[in-house]
Amino acid sequence: MNSDNLHIRNARLIDPSSDLDQTLDLYLADGRIAAIGTAPAGFAAARVVDASGLIACPGLVDLSTRLGGIEPELNAAVAGGVTSVACPPDTKPPLDEPGLVERLVRRSERLGLARVYPIGALTQQLAGEKLAEMNSLARAGCIAFSQAKHPIVDTLLLLRAMQYAATFGYAVRLRPQDQFLARDGVAHDGEVASRLGLSGVPTAAETVAIATALQLAQATGVRLHLSRLSSAAGIALIRAAKQAGMPVSCDVSIHHLHLSEMDIGYFDSNARFDPPLRSASDRDALRLAARDGVASICSDHTPVDADGKQLPFGEALPGATALELLLPLTLQWAAQSRLPLPSALARITCDPAAVLGIDAGSLRVGAPADICLFDPSEPWRILPETLRSQGKNTPFLGYELSGRVRMTVVGGRIVFQV
Amino acid sequence: MHNPQLNANGELSHLLSIEGLPRDVIVHILDTASSFLKVSARDVKKVPLLRGKSVFNVFFENSTRTRTTFEIAAKRLSADVINLDVTRSSTAKGETLLDTVDNLVAMHADMFVVRHAASGAPYLLASHLRRIGRDDVHVVNAGDGRHAHPTQGLLDMYTIRHYKKDFSNLVVAIVGDILHSRVARSDIKALTTLGAAEVRAIGPETLLPTEIKKMGVRVCHDMADGLRDCDVVIMLRLQNERMNGTLLPSAREYFHCYGLTQEKLRLARPDAIVMHPGPMNRGVEIDSDVADGPQAVILPQVTFGIAVRMAVMGILAGN
Amino acid sequence: MTTNPMPAIELPDAEIQCAQLAELIRPELRPDTLLVGIHSGGVWVARRLQRLLDLDTEIGLIDVSFYRDDYRAKGLHARVKPSSIPFDVEERPLILVDDVLYTGRTTRAAINELFDYGRPASIQLAVLVDRGHRQLPICANYCPWKVVLDPSQELVLSTDADDRLTWSLAEHA
């Protein structure tokens, strides 16, 4: 059906990047947004979609999606209205070879589902010992560099990595977690872990790493993004750095916006995350940071098979399937926080697009025609069989959420529709 | 939240932790245990309660001692006892747990007594049994990681009740490596549930869990302060690997600061009892003079432990 | 369960029945005879027999909870009272005392438990009432009152404020 001209009629268009929130017609042509409101001259729609009662927003942009199986996960992405995903380099093998990056880009392009933006390894094998070929990786398609969850322990090497990335203007993304303080930890070092006898990850594991990263970023001038913040103290450091004018950004996972250490309940391995779910007051600080726009929201989509979760809590693999829950959980957070829909959608569209430096997350005329069309009030129950992702584990299993994607358009092509 | 220890009728189906046990359930177990204590003193130390039932001792962590007490308890209830010493392979950790369980269920197991190095492992087992529709198979936690050792907690409560009758005026001091101790967690929860007047946790900060005060205890860093006027002293075992210099400088310094000697014990009430879950490290956490002294009730704890485990198994198997 | 006056049966005085039971036992009593009461009604009756028969020896108490055959259905819920047999039963004549003889299952459980204390020379059974509907080949050696009741009815022995034994009849739905 290629990029035929598409006319989406009567949708409530919400585009946080252009402060648009109005019920208008949307015209797509040649893979781009051709016009809003009135049809451009000579526009002949190959297809007209009646979107009365639905919301059309830019396709969601996700800062961290682990792919596992590429096709099912990209199918899950478009089913969740996600049209651009950034993939961390801790694939097997890690993304430290231009050839691997090219293959990933080619495979995803062939599928023609969500757009895939690889994040290259900052060091070879993510071992934190030798710099990766960042320039070659960037030419192969990497848009930033990170260590995924493998920290660089050697701070001199971290400094060198930032200097080298800054040379070419590449962004560096770090997961702030001091590996010594986090050693053996499987849950927030607090009341619940103490009661359940689980090894704790203290908040200091995050703040120490943030402080180090900020100091080195300041020294090198690198553009720094800190991923998956989990604590109030961590957010406070980012706020202070931003206030001081540092070019730093951060994100929080959608799980950490909704859950706390209490959700571990009786050792529910679906509530095992890395970084761990922290206290309720930490969660509140994260919600505030997302509300204020200090942090973007990411899915932290990590499909884990059943065997990886059918284990005692501490031995279970961390992470959850999330691409298909990103939109409804963001809507729920917005409703609970009394946040206007456009501001909430900014955290999963234009904000992360800006972090990634990609042309996405906007409904401006001329922007790529990546659209998420959803019914904001349609309820659906999260069940293994309703998820397209191969990962079926989420702490929200059995929950009823509202907000269901009806159609997803990537580059003017309808890639998902119910 | 669904309490995984209770069945649809609100009866105790598994014993996984003291946490989540209502006070009257704890008292019922202790009362039942006192009846079983008489059975153990008889000529024929056996009752036919679990005749024909199969109790599997599944120990993923070696402990001949605890396993033996469960074995004796089950045998005194006339159950058939099968011991499995499942040594954990490094590759197939948790799969082994649920695979083992599926196999044993297929062999018509009626009860599992489980010890595992990972906190929460018995919960995984109980929820698995629920998922496969075998709620009739019972799980007894014989110690999971640092989390819980509920039968030890119950036998400690039995011992305290035996010597002190009532909990409401009691000051209980728990001394040592509380961070790594499942016994301490079970004791603290049981004591607060039964309404002990004060529970003190004594040890260096490196051996105390974060936010331990939220468990309802008073933290003391000094033995003299912590032992003063207390009625019960529970000493915890200090594992050798804790003394490698990362948590404590040395066994010698630990004994000096936190080892129980007659001299320190004199600060407690004259009728204070001294307990220890065993096995003891003499000269590390407790002096031999105290361990063998008149205030020690460490051997009665062992005797009571059999009766308490009989009570737990007897009650579970009937629900 | 409600107390129902409906069936017009006369409930006798349980204290008088204890005296009658004592007189039934007295001729057969041997110097080394021991009484064992089954918890809880049988223990009350046994204490009265001990007094009426002027026995010097202590009575034994038995709680059959650990020996019941309906454990699978009923579990271990009620407070179990410890059994206490404060004498050597070996080669002694025992009289097992209960308040009501019904299915015979309690008696069976009690006999089994007694054998775990040793090998008595003999065991006889004394009850206040035999209410019929036996399910096992068991009969009482001493029994002052025989009555046939419907299975929906339950004869309950209890002590009143003056510590007198009294019968009541309960009806099960």
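## Chains A, B and C, question by question

Tutor: In this predicted model, 74% of the contacts in chain A between residues at least 6 apart in sequence join residues at least 24 apart.

Student: What makes two residues count as being in contact?

Tutor: Their C-beta atoms, placed from the backbone, have to lie within 7 Å.

Student: How do you know that chain A agrees with a compact globule?

Tutor: Set the value against the rule. For 418 residues, a compact globule would have a radius of gyration near 22 Å, and chain A comes out at 21 Å, so the two agree. Along the principal axes, its C-alpha atoms fill a box of roughly 65 × 50 × 40 Å. Into that go 13 helices and 19 strands.

Student: What makes a residue in chain A "buried", and what share of the chain is that?

Tutor: A residue needs 20 or more other C-beta atoms within 10 Å of its own. By that test, 57% of the 418 residues in chain A are buried.

Student: Now the complex. Which chains touch, and which pair shares the most contacts?

Tutor: Two pairs of chains are in contact, and chains A and B share the most contacts. There, 19 residues of chain A meet 24 residues of chain B. Helix H5 (residues 191-196) of chain A gives the most to chain A's side, with four residues. By class, that side has seven nonpolar, seven polar and five charged residues.

Student: And where does chain C come in?

Tutor: On chain B: 15 residues of chain C are in contact with 16 residues of chain B. Chain C's side has seven nonpolar, four polar and four charged residues.

Student: How do you know that chain A and chain C do not touch?

Tutor: Their nearest C-alpha atoms are 26 Å apart, while a contact asks for C-beta atoms within 7 Å.

Student: Why are the buried residues of H4(C) said to be on the same side?

Tutor: In helix H4 (residues 105-115) of chain C, the buried ones are C:Thr106, C:Thr107, C:Ala109, C:Ala110, C:Glu113 and C:Leu114. They cover an arc of only 160 degrees around the axis, so they sit on the same side of H4(C). What they pack against is strand E2 (34-38), strand E3 (60-62), strand E4 (93-101) and strand E5 (122-130) of chain C.

Student: What confidence does the predictor give chain C?

Tutor: Chain C has a mean pLDDT of 90, and 95% of its residues reach 70 or more. For the complex, the predictor gives an ipTM of 0.93 and a pTM of 0.91.

Technical notes
Residues are numbered from 1 along each chain as its sequence is written. Chains are lettered from A and ligands numbered from 1 in the order in which they are written. This is a predicted model: local features need pLDDT of at least 70, side-chain atom pairs count only at pLDDT 80 or more; totals for chains, interfaces and linings use all residues. A residue is buried if 20 or more other C-beta atoms lie within 10 Å of its own, exposed if 12 or fewer, and partly exposed in between; C-beta atoms are placed from the backbone. Helices (H or I, at least four residues) and strands (E, at least two) are DSSP runs, numbered from the N terminus. The arc is that of the directions from the helix axis to the C-beta atoms. Ala, Val, Leu, Ile, Met, Phe, Trp, Tyr, Cys and Pro count as nonpolar, Asp, Glu, Lys and Arg as charged, and the others, Gly among them, as polar. The radius of gyration is taken over C-alpha atoms; the globule rule is 2.2 Å times the number of residues to the power 0.38. pLDDT is the predictor's confidence in each residue, from 0 to 100.
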